[in-house]
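Please look over the sequence and the model shown here before reading on. The report is written for a reader who is meeting this structure for the first time.

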Amino acid sequence: MISIIISSYLPAYFSALEDNISKSIGVSYEIIKIDNPGLMGICEAYNQGAQKAKYENLLFMHEDVLFHTHHWGKKLINHLSLAETGIIGVAGSSYVPTAPSSWTVSEKYNFVHILQGNKEKKEAFLIHTTQQNRNEVFAVDGVFMAIKKENYSQFRFNEKLLKGFHGYDLDFSLRVSKQLQNYVVDDILIEHFSKGNLDKTWMDTNIVVKQNIDLKFSQRFDSETEKKAFLGFLHNYFMYYPVNRKTLISVLQFYPKKLNAKDHVTVVKKLLNYIKYAKSINNKQNTNI
């Protein structure tokens, strides 16, 4: 039995998904729809939905998806029933870099099993990078996040910290992974009709998430991945913020100190370039406002 919780603002997508679930899930279920056309953050919506849930298995998911697997409910319940299981998802990563980033850290650590479509529903392509049926991860993408109710109750979505529609999945899954093991599985296939919106709000929220989560995860330090994540963070950050003493101090709080010598040199050179061309970067930002 599964309680499916959806923060909804797209009636056409919700209606199609509701019909799709009834034909594909294969177990008893309920759908808890939280009407949310910008009325509240997604953390608050999900927590409201979870309070109404009557079943022991919770599934938080987007409404712009369709299931391509028959009897997927049985598979999901089996996954959640295994000991020490935290969140079950269809996309996630097994590495957590020091710098703020999405769960999509690098191809080396990403595990994904999903049909990626678009809003026009004209085409979709399979992204399949899983190596086994259950792939251990830390971060889980919010398109599909399932968890036992008893485990959800220990963590809940962080509505006090996160008021919008970004970062909720990263914050929730990383906190869960401190005590339980999250997994990306390859026997439940969904088609997703959106690629997300990685804007300034998304970036700012990921900074807040990283500032409020202890980064001591059980993993080997990967200098190359840390370097790329930090450089990517710098690029995103200085698209929206001027290069000055205050902002440089701000980004340096996320500097990955264990980089090897070669990667240290690369990052320092990049930082010096931002300083060197600060006036040009800042003028370009002002022009785009």
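This is a predicted model: local features need pLDDT of at least 70, side-chain atom pairs count only at pLDDT 80 or more; totals for chains, interfaces and linings use all residues.

## The largest pocket

The largest pocket holds about 1300 Å³ of space. Its lining is made up of 43 residues, and those closest to the centre of the pocket are His 62, His 192, Lys 195, Gly 196 and Asn 197. Sorted by class, the lining of this pocket has 18 nonpolar, 18 polar and 7 charged residues.

Two or more residues of the lining come from each of strand 1 (2–8), helix 2 (42–52), strand 7 (110–116), helix 5 (168–177) and helix 6 (200–211). Among the contributors, strand 7 gives the most, with 4 residues.

## The cavity

The count of cavities of 30 Å³ or more comes to 1, and the space in the largest cavity is about 50 Å³. The residues that line this cavity include Ser 93, Tyr 95, Val 96, Pro 97 and Trp 103, together with Leu 170, Leu 174 and Lys 210. By class, the lining of the largest cavity divides into 8 nonpolar residues, 3 polar residues and 1 charged residue.

Ile 275 belongs to helix 9, which covers residues 261–276. Because its relative accessibility is 45%, Ile 275 counts as partly exposed, a class that lies between buried, under 20%, and exposed, over 50%.

Conventions:
Residues are numbered from 1 along each chain as its sequence is written. Side-chain values use heavy atoms; hydrogens and water are left out. On a 1 Å grid over the protein atoms alone, a cavity is a set of points where a 1.4 Å probe fits but cannot get out, and a pocket is an open set with protein on both sides within 12 Å along at least five of seven lines; lining residues have an atom within 4 Å of a point. Grid points are joined across faces, edges and corners, and a volume is the space filled by probe spheres set on the points. Ala, Val, Leu, Ile, Met, Phe, Trp, Tyr, Cys and Pro count as nonpolar, Asp, Glu, Lys and Arg as charged, and the others, Gly among them, as polar. Buried means under 20% relative accessible area, exposed over 50%, partly exposed in between (1.4 Å probe, protein chains only).
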